[in-house]
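Try each task by yourself, then follow the solution step by step.

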There are 4 protein chains.
Amino acid sequence: MYSFVNDYSETAHPAVLKALVDTNMEQCAGYGADEHCMNAAKYLKEKMNCENVDIHFISGGTQTNLLAIAAFLRPVEAVISAVTGHIEGHEGGAIEATGHKILTEDTPDGKLTVAHIQHAMDMNKEEYCPDAKLVYISNSTELGTVYNKAELEEISAFCKANDLILFIDGARMGSALACTDLTLADYPRLCDAFYVGGTKNGAFLGEALVIVNDSLKKNFRRHLKQRGAMLAKGKVLGVQFEALFEGNLFMELAQHANSCMDILRDGIAKLGYKFLVDSPSNQIFPIFPQNILDKINEKYMVLDYMPMDDGSRCVRMVTSWATDKEQCHNFVKDLEAFSK
Amino acid sequence: MYSFVNDYSETAHPAVLKALVDTNMEQCAGYGADEHCMNAAKYLKEKMNCENVDIHFISGGTQTNLLAIAAFLRPVEAVISAVTGHIEGHEGGAIEATGHKILTEDTPDGKLTVAHIQHAMDMNKEEYCPDAKLVYISNSTELGTVYNKAELEEISAFCKANDLILFIDGARMGSALACTDLTLADYPRLCDAFYVGGTKNGAFLGEALVIVNDSLKKNFRRHLKQRGAMLAKGKVLGVQFEALFEGNLFMELAQHANSCMDILRDGIAKLGYKFLVDSPSNQIFPIFPQNILDKINEKYMVLDYMPMDDGSRCVRMVTSWATDKEQCHNFVKDLEAFSK
Amino acid sequence: MYSFVNDYSETAHPAVLKALVDTNMEQCAGYGADEHCMNAAKYLKEKMNCENVDIHFISGGTQTNLLAIAAFLRPVEAVISAVTGHIEGHEGGAIEATGHKILTEDTPDGKLTVAHIQHAMDMNKEEYCPDAKLVYISNSTELGTVYNKAELEEISAFCKANDLILFIDGARMGSALACTDLTLADYPRLCDAFYVGGTKNGAFLGEALVIVNDSLKKNFRRHLKQRGAMLAKGKVLGVQFEALFEGNLFMELAQHANSCMDILRDGIAKLGYKFLVDSPSNQIFPIFPQNILDKINEKYMVLDYMPMDDGSRCVRMVTSWATDKEQCHNFVKDLEAFSK
Amino acid sequence: MYSFVNDYSETAHPAVLKALVDTNMEQCAGYGADEHCMNAAKYLKEKMNCENVDIHFISGGTQTNLLAIAAFLRPVEAVISAVTGHIEGHEGGAIEATGHKILTEDTPDGKLTVAHIQHAMDMNKEEYCPDAKLVYISNSTELGTVYNKAELEEISAFCKANDLILFIDGARMGSALACTDLTLADYPRLCDAFYVGGTKNGAFLGEALVIVNDSLKKNFRRHLKQRGAMLAKGKVLGVQFEALFEGNLFMELAQHANSCMDILRDGIAKLGYKFLVDSPSNQIFPIFPQNILDKINEKYMVLDYMPMDDGSRCVRMVTSWATDKEQCHNFVKDLEAFSK
């Protein structure tokens with residue numbers, strides 16, 4: 001059984017693992033104050049062509065989201081998110097557990113627009129409502145869709161004009177960068193904070209939170225400590241991001257994931273199957289009749305996402321740096337056979 | 001410069017790292033639902049001779065402490081801790097950030113007694129006080145001292161009689177087991193929950209939280225998720241604990257740390273230096289005149305812990321699985337030379 | 001200008017105020033431990049024909065809701081509420097500020113059904129979701145609709161069968177009791193906790209929280225203290241509830257409010273105007289063309305609730321114990337004149 | 001039995017109660033947006049000779065403390081307080097329940113000095129500690145002692161120089177003003193926020209929180225709402241503060257309380273009894289042998305505060321606006337008789 005269920009099944013890219021092994025017996029400073037973390041931050045700043053940012057390495061996406069949002073907001077301030085946002089439906093109420101309400105907007109493709117943000121603000125103008133203050137978007141989104149540069153620029157301009165904090169969840173930033181006109185250097189220009197996801201793109205754990213807005217930087221390492229996110233051996237995060245960003249490995253891995261997905265997406269489309277939404281990144285949501293899905297399930301693992309009105313099933317398929325391209329071709333061939 | 005500053009300078013014992021490398025390309029279930037985590041839990045249960053416990057693998061000690069305490073307590077319930085407890089002075093207000101007050105007791109050696117616990121209860125009987133409900137102890141303590149079996153049994157009996165939750169911080173449990181009459185099998189019998197520290201004894205990150213009391217088990221994986229502690233690639237924790245507990249590696253590493261410390265402690269004592277407190281585990285707090293410390297600092301890294309009334313300095317020295325025994329002998333020889 | 005904007009414009013029923021004046025110089029025990037609070041609790045227990053409940057007097061509705069929900073729930077547990085529920089849209093994110101997510105269900109009339117509750121449970125089965133644990137309903141609802149006895153019994157049975165906590169917001173319980181087959185004695189039988197609203201029915205401040213379920217009672221006075229809800233002069237709450245419940249004043253005031261509303265509702269309906277929803281209690285939501293509303297606004301205060309698709313406006317009108325019946329007749333006559 | 005146990009036994013000064021009765025049937029705007037609250041704020045601003053402050057009326061002291069501190073601080077920021085501070089020992093863990101640690105300093109008389117504040121800062125410099133950010137003092141203190149103008153000015157200057165927030169708990173501000181060289185106009189000049197206590201000086205409930213520092217003002221009414229502190233009938237607070245501050249009633253009541261206490265303090269001292277601490281305000285802590293206390297307890301209620309080393313008892317006695325001067329004289333006479 002080959003799995004297309006998610007992009008976190010394998011551990012780490014061999015080059016990342018090698019870096020861990022090579023630095024094993026170094027006596028490093030604890031708590032992320034080591035040279036590997038500093039070096040990784042330096043590489044990242046070079047790639048984003050921006051010196052004046054603070055970079056913190058954190059174990060996972062939920063932890064990064066809750067840390068950033070709780071550190072950035074005052075008690076009465078709330079988050080605006082697509083109803084499909086990861087923080088709303090997949091993080092166990094983590095944001096509310098830090099005291100902040102999420103104001104959700106319905107959106108067919110997982111993407112927020114300026115109109116959505118305006119709507120959330122309008123609905124919460126009264127004193128008996130929380131203050132809509134932070135805009136949370138994911139790029140790529142939880143539906144595999146992406147914001148391109150023009151879309152992000154429009155949201156960014158609106159947020160600046162309305163004194164809103166713009167925070168971008170980059171759990172799958174690599175895949176988004178590899179299929180849009182965005183570069184890493186666009187992010188510090190457009191948002192107040194964001195993170196670069198390592199866990200789903202070559203690392204075994206690790207996200208790099210980048211805080212751009214000076215007013216949000218203070219005491220962040222104390223926040224890390226207080227939420228239990230400061231690893232004693234922080235260097236295990238630094239070492240991995242060094243390996244990913246010293247050269248071009250991060251983007252190469254994302255390109256691999258996307259090119260694997262291109263094979264699956266094109267093959268499925270050519271056989272006449274529809275998708276829940278058009279998604280150019282490493283996640284797709286094709287719709288199969290139940291009998292076809294039954295056959296798929298005998299050889300491959302995919303995620304049963306939701307039933308459709310006509311009785312067919314929408315499934316989620318994901319590729320990653322570790323996906324075997326041959327298995328993508330196999331899937332298409334098998335699907336063709338199942339479909340006859 | 002050789003470092004005796006702490007027990008988390010090096011990354012991981014080679015056998016632990018090898019396990020990571022060997023399992024790298026396996027497609028595993030995410031979020032700790034993989035077979036390595038299950039297997040590691042099985043080994044731990046065998047070692048503690050107890051089936052009916054829940055085991056969760058968590059990245060670090062502060063995270064484990066705050067997760068457990070916040071999950072176990074109701075809003076108005078408070079924690080009783082020695083004033084030297086790690087949660088009081090070294091975790092950035094993490095427990096208070098979850099809403100719970102810490103009721104501290106002064107104690108010269110970092111160890112709580114039944115009298116301390118009774119005192120904290122007596123001081124908080126009124127309705128305008130929080131309800132003293134959970135006893136937090138560390139074994140070994142933050143001062144390197146240890147509770148032996150009789151001491152733990154007395155505290156345990158008192159907690160049971162008074163409907164208090166007993167939670168043991170095991171960040172340095174290995175070292176405590178290696179220098180007392182306690183075994184891992186004593187823990188589930190004596191307390192409601194505890195953790196087995198991996199980070200300071202061979203792992204690059206990871207603590208195994210063991211929940212014994214049935215009433216505290218419910219929904220704990222949801223707590224993990226909500227606090228950002230559920231790793232997508234949870235198997236990196238399982239793999240390490242498999243390596244540590246399949247055989248006897250965990251205890252061997254703790255014994256190594258302790259035997260390294262025996263060299264330091266005995267050598268320092270023989271040269272006539274005093275200690276802040278008698279500590280049989282892998283942490284000691286010797287007191288040196290400033291001129292001696294200056295010489296030490298030229299060749300070794302130790303932690304400047306506190307000034308003494310007579311102008312001398314108390315320092316903290318720590319050994320670990322990774323400590324080079326030769327360096328311990330060197331330190332003693334050098335100290336002898338400095339002291340002439 | 002006469003106001004039908006809400007049911008908290010005037011201060012207190014004269015009999016309530018007289019009780020305050022009569023007891024002014026008594027030296028009473030502080031923090032609600034006085035004889036007036038005890039006496040009021042005794043009257044309430046007699047009215048609900050139930051001894052084994054704990055009763056706490058609290059200043060207001062939002063405070064009562066957040067106190068009860070935060071005390072009853074564990075961190076990962078969430079609340080199920082109608083999207084129109086007061087806690088969702090009118091309490092400033094108070095529930096989330098205590099760490100708990102609200103799982104909202106769409107409902108046209110503000111009433112939850114068993115199907116809604118089941119749906120919320122089904123959508124939150126996974127470990128990455130909070131645990132749907134407490135059902136929050138208001139009776140009467142925020143739309144003026146009411147649950148009758150059969151409806152509450154069905155919800156109650158479902159909650160018991162599914163180990164859910166049923167909590168009823170009784171900010172306008174008086175009005176609901178006065179227009180349904182429910183009595184106060186039904187509440188302890190049907191739910192785990194509820195409150196009897198005084199502020200909107202004769203008191204100048206005060207709600208009586210009734211905790212029925214034994215497992216939810218512990219330490220509640222400590223919760224009051226911790227959330228700043230324990231008044232030094234708690235007797236001012238007790239004295240008011242004594243006045244309301246020694247005889248039948250509470251029900252008489254609610255009946256007055258409802259009978260005032262009957263005049264308004266019938267009059268408006270007879271003139272051919274529609275309502276957003278059918279509501280038998282002291283709140284109605286009639287729909288007027290803009291030109292009619294303009295004329296109303298010259299003589300009366302009503303709350304502009306929402307625009308309708310056809311350009312007309314839905315307004316909220318509320319009556320209370322203090323409403324002048326004559327003004328209700330005047331309103332109908334004026335509306336008839338405006339409508340010609 | 002006449003009670004000297006506390007200053008919140010009686011309900012309200014008759015003039016305050018009369019104001020409530022006189023305004024009873026006015027239809028006022030809800031939630032503190034009424035003219036009485038505005039008027040009361042105007043009177044207060046005149047008395048403090050300062051226009052640029054925000055004033056919010058809140059039900060009680062614990063609620064005011066937790067609201068202010070939680071609104072002013074970021075998650076990792078902590079409070080510096082005397083160990084005798086009301087927030088530390090008498091508010092049920094209310095501050096910690098909002099997520100903030102209290103850093104306590106030992107002080108014999110309940111008063112913080114600049115040296116205490118510096119010490120708390122020094123002890124929390126490391127990243128693994130919370131950030132000591134807000135200084136909490138009470139004036140008068142929980143031991144009845146007071147800060148005079150010079151002492152407050154020194155603390156204020158230190159706080160400004162070190163970017164600390166200075167917040168003054170004024171539960172018993174009236175009594176402090178009536179026995180020091182401070183006036184209400186000194187407060188906005190010296191601190192960032194403070195409150196003027198009504199509950200213990202003539203009101204039946206109500207404290208006036210005054211926010212001076214512009215950076216702390218934003219969204220405070222949303223904080224009130226979110227914590228359940230915004231009363232539907234907010235006018236009941238405004239009406240009381242109008243009565244207290246339209247003329248000089250507030251100061252007259254405080255002077256009465258102090259002059260009653262002068263009788264007790266002088267009489268007790270003349271009979272040779274010692275006090276735990278010298279306190280010029282409306283609270284004293286005399287020390288009596290057990291046999292004398294037994295006799296006192298037959299005719300008067302006092303609070304048993306703590307045992308002394310020699311077997312005698314320290315008790316707390318409090319006077320208020322409602323204290324009967326005759327009873328103070330009686331007490332002294334009786335004590336004289338008991339002491340023969």
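**Exercise 1. Two helices in chain D**

Task: In this predicted model, work out how the axes of helix H12 (residues 249-270) and helix H14 (residues 325-338) of chain D are oriented, and which residues meet.

Solution: 
- Step 1. Begin with the axes: those of H12(D) and H14(D) come within 9 Å and cross at roughly 10°.
- Step 2. Angles under 35 degrees count as roughly parallel, so H12(D) is roughly parallel to H14(D).
- Step 3. Now list the residues that touch. H12(D) contributes His256(D), Ser259(D), Cys260(D), Ile263(D), Leu264(D), Gly267(D) and Ile268(D). They meet Lys325(D), Cys328(D), His329(D), Phe331(D), Val332(D) and Leu335(D) in H14(D).
- Step 4. Sort the residues of this contact by type: 8 are nonpolar, 4 polar and 1 charged.

**Exercise 2. Aromatic pairs**

Task: How many aromatic pairs are there over all chains, and how are the rings of Phe285(A) and Tyr305(A) arranged?

Solution: 
- Step 1. The count over all chains comes to 58 aromatic pairs.
- Step 2. Two values describe a pair of aromatic rings: the distance of the centres and the angle of the planes.
- Step 3. For Phe285(A) and Tyr305(A), the centres are 4.8 Å apart and the planes stand at 70°, so this pair is edge-to-face.
- Step 4. Phe285(A) is in the loop between strand E9 (283-284) and strand E10 (287-288) of chain A, while Tyr305(A) is in strand E12 (residues 303-307), 20 residues apart.
- Step 5. Check the accessibility: Phe285(A) is buried at 0%, whereas Tyr305(A) is partly exposed at 33%.

**Exercise 3. A pair in chain C**

Solution: 
- Step 1. Phe4(C) is buried, with a relative accessible area of 0%. Phe331(C) is buried as well, at 1%.
- Step 2. Now turn to chain A, where Tyr2(A), Phe4(A), Tyr300(A) and Phe331(A) form one aromatic cluster.

**Exercise 4. Lysine and histidine in chain A**

Task: Which ring does Lys111(A) lie over, and is His116(A) buried or exposed?

Solution: 
- Step 1. Lys111(A) lies over the face of Tyr147(A), at 5.6 Å from the ring centre.
- Step 2. His116(A) belongs to helix H6 (residues 114-122) of chain A. Its relative accessibility is 15%, so His116(A) counts as buried.
- Step 3. Leaving aside neighbours within four places in sequence, His116(A) is in contact with Glu105(A), Asp106(A), Thr107(A) and Lys111(A).

**Exercise 5. Backbone details in chain D**

Task: Look for a cis peptide bond and for positive phi values in residues other than glycine.

Solution: 
- Step 1. Asn139(D) and Ser140(D) are joined by a cis peptide bond, with omega about -5°. Ser140(D) is in the loop between strand E5 (131-138) and helix H7 (149-161) of chain D.
- Step 2. Tyr31(D) has a positive phi, near 60°. Tyr31(D) lies in the loop between helix H1 (14-22) and helix H2 (35-47), and is partly exposed at 24%.
- Step 3. Asn219(D) also has a positive phi, about 65°. Asn219(D) is in the loop between strand E8 (207-211) and helix H10 (220-226), and counts as buried at 18%.

Methods. Residues numbered from 1 in each chain as written. Chains lettered and ligands numbered in written order. Predicted model: local features only at pLDDT ≥ 70, side-chain atom pairs only at ≥ 80, totals over all residues. Heavy atoms only, no water. Axes fitted to C-alpha atoms, helices over the stretch in contact; angles between N-to-C directions. Helix = DSSP H or I, 4+ residues; strand = E, 2+ residues; numbered from the N terminus. Parallel < 35°, antiparallel > 145°, perpendicular 65-115°, else oblique. Contact = heavy atoms within 4.5 Å. Nonpolar A, V, L, I, M, F, W, Y, C, P; charged D, E, K, R; others polar. Phe/Tyr/Trp six-rings, centres within 6.5 Å; stacked < 30°, edge-to-face > 60°. Buried < 20%, exposed > 50% of the residue type's maximum accessible area, 1.4 Å probe, protein only. Lys NZ or Arg CZ within 6 Å of the ring centre and 35° of its normal.
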